2 protein chains.
Amino acid sequence: MIAQREQLNAVGEHADQRSVTATDQRSIPEATVARLATYLRALIDMGECGVATVSSESLAAAAGVNSAKLRKDLSYLGSYGVRGVGYEVSVLTEQIHKTLGLHQNRAVALIGLGHLGQALAGYAGFASRGFRISALIDAHPKLVGTRLRGLTVQHVDRLDEVVKRENIAIAVVAVPAAAAQDVCDRLVSAGVTSILNFAPTVLNVPPHVDVRKVDLAAELQILSFHDNRKAGRPDCLPDAAASVGTGAIGADPAAITAKPVSKVAMAR
Amino acid sequence: MIAQREQLNAVGEHADQRSVTATDQRSIPEATVARLATYLRALIDMGECGVATVSSESLAAAAGVNSAKLRKDLSYLGSYGVRGVGYEVSVLTEQIHKTLGLHQNRAVALIGLGHLGQALAGYAGFASRGFRISALIDAHPKLVGTRLRGLTVQHVDRLDEVVKRENIAIAVVAVPAAAAQDVCDRLVSAGVTSILNFAPTVLNVPPHVDVRKVDLAAELQILSFHDNRKAGRPDCLPDAAASVGTGAIGADPAAITAKPVSKVAMAR
DNA sequence: GCGATTTTGTGAATGCCTTCACAAAGGCGT
DNA sequence: ACGCCTTTGTGAAGGCATTCACAAAATCGC
């Protein structure tokens, strides 16, 4: 959240430049984009449960955010709600889908087929959410040539060729830290413009390339910090231990807590 | 990042309560905490390369952030730099380590041993960064009882018992979405106060529990959005297509670009 | 010693995001 | 047809976070 949004600043930086050229029709804030994926998931679940319309209040509850925030987020997409009624699930689903650019079933390359890479290769969530893994790449001789999920693992030396042939713009890097920058450079020179990086290294990329980092150990460390605060020092906050000790950093009064089940049947 | 920092709002909310009660000694901003892990990694790498001191400028470069930000972040920990010289790597490493609460080698439970769970179980990064996986839990009969990485997989019905015995405060949830809330409830009632959630669901927890979510599909969707913006729509902005099309978002003169390699020998 | 030089630590300014609060809009009952 | 009630969409306010820019501190060369 937290965390790995750091590198994305590479993107956030130019926000203003963009708005100079033209407000396009939507210069959606970074924070909003990050939440759209969550809304989309909730909407799809609702749709599958036969829910036809949903209020900002209940969708917000399902997504774990405050309803004002949700409405503002959605307002960047346009005006797809009906006052006094709510949002039509199918319409909103389609809008977010389109906004995120998911209508084109994007081709993704996965580099690195260690434990994590193999898990990612098998992750059903990618396929079901608009992405198609269309290239598996590794450097290890034992892996190259083997078949996995219907694809043949290619050697990293053929990366350029494969990326170009499959017209891949997004790559997932799951190689050891020591190899990550090299792989990244190859990807960039092959034309990849977006990288999801699982290697614990900061990748160095030209400005037109976006990197998002998922750092598993860092996530735990952040939790550790908060945990330390909570249980940790009962020395300084004797009374707060009760109210804050646990609640610590944050609970939105309305938002999170036990989500009001909302009138609409909620999926899970 | 952005991304999954959403649920942490559950945490962020009470921030004020805390500051009311007491500024403690350091009310470190959430954004800073998230970056400390990155600094820590860079520092450890540098330490292993024999670097003794480092300037804010070069450490910032290694971490991919602006040096002013880095200095401000570090200033929340106290004053550990020497003007005109920089920071002593060992001192700073130790400070951050302590601040993040990593000195106690925390016990972590891992629930769910599907592909992803098994990959996580084998992830060396956890052990090397202050965490010890001390319980493996799953519901599948085929897995329960098998040994993995020196641990016997326990049935989820024994979760409460195991968590209490091992005194576990942090859990990693890698079960299917449909099972996540149930597992989460059990964890919370067993006393877990921090959860790292890989299941694509919003978890519902009481205010004293922190949840961080890692949503792989969402990360890709965010990249997809930006990619769409970049190469994407030549339809609406005939002229912007040129300026935005390729260089698009990036092009910021100063910011990210190719990070200056910094004078200090950089690890990787 | 002492000035030149480097680099930290931090007030102040700016900008982004969230939250509040309410007017406008639309359905529904009568 | 008309007012009531619900819920959206959004200006305005407030809070964080980032960035700027510079004074204070400390080393180094002479």
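Contact here means heavy atoms within 4.5 Å, and axes are lines fitted to C-alpha atoms, for helices over the stretch in contact, with angles from 0 to 180 degrees between N-to-C directions. This is a predicted model: local features need pLDDT of at least 70, side-chain atom pairs count only at pLDDT 80 or more, and totals for chains, interfaces and linings use all residues. Residues are numbered from 1 along each chain as its sequence is written, chains are lettered from A and ligands numbered from 1 in written order, and side-chain values use heavy atoms, leaving out hydrogens and water.

H9 lies across E4, E5 and E7 of chain B, at about 165° to E5(B).

Next, show E4 (106-111) and E5 (131-138) of chain B, parallel partners over 6 bridges (pairing takes at least two DSSP bridges). Pick B:Val108 and you'll find B:Ile133 as its bridge partner in E5(B).

Now hop over to DNA strand D. Which residues come nearest? Among the 28 around it, they are A:Ser56, A:Ser79, A:Tyr87, B:Arg35 and B:Arg83 (near means a heavy atom within 4 Å). Finish on H5(B), which gives the largest share of the surface near DNA strand D, 4 residues.

How values were computed:
Helices (H or I, at least four residues) and strands (E, at least two) are DSSP runs, numbered from the N terminus.
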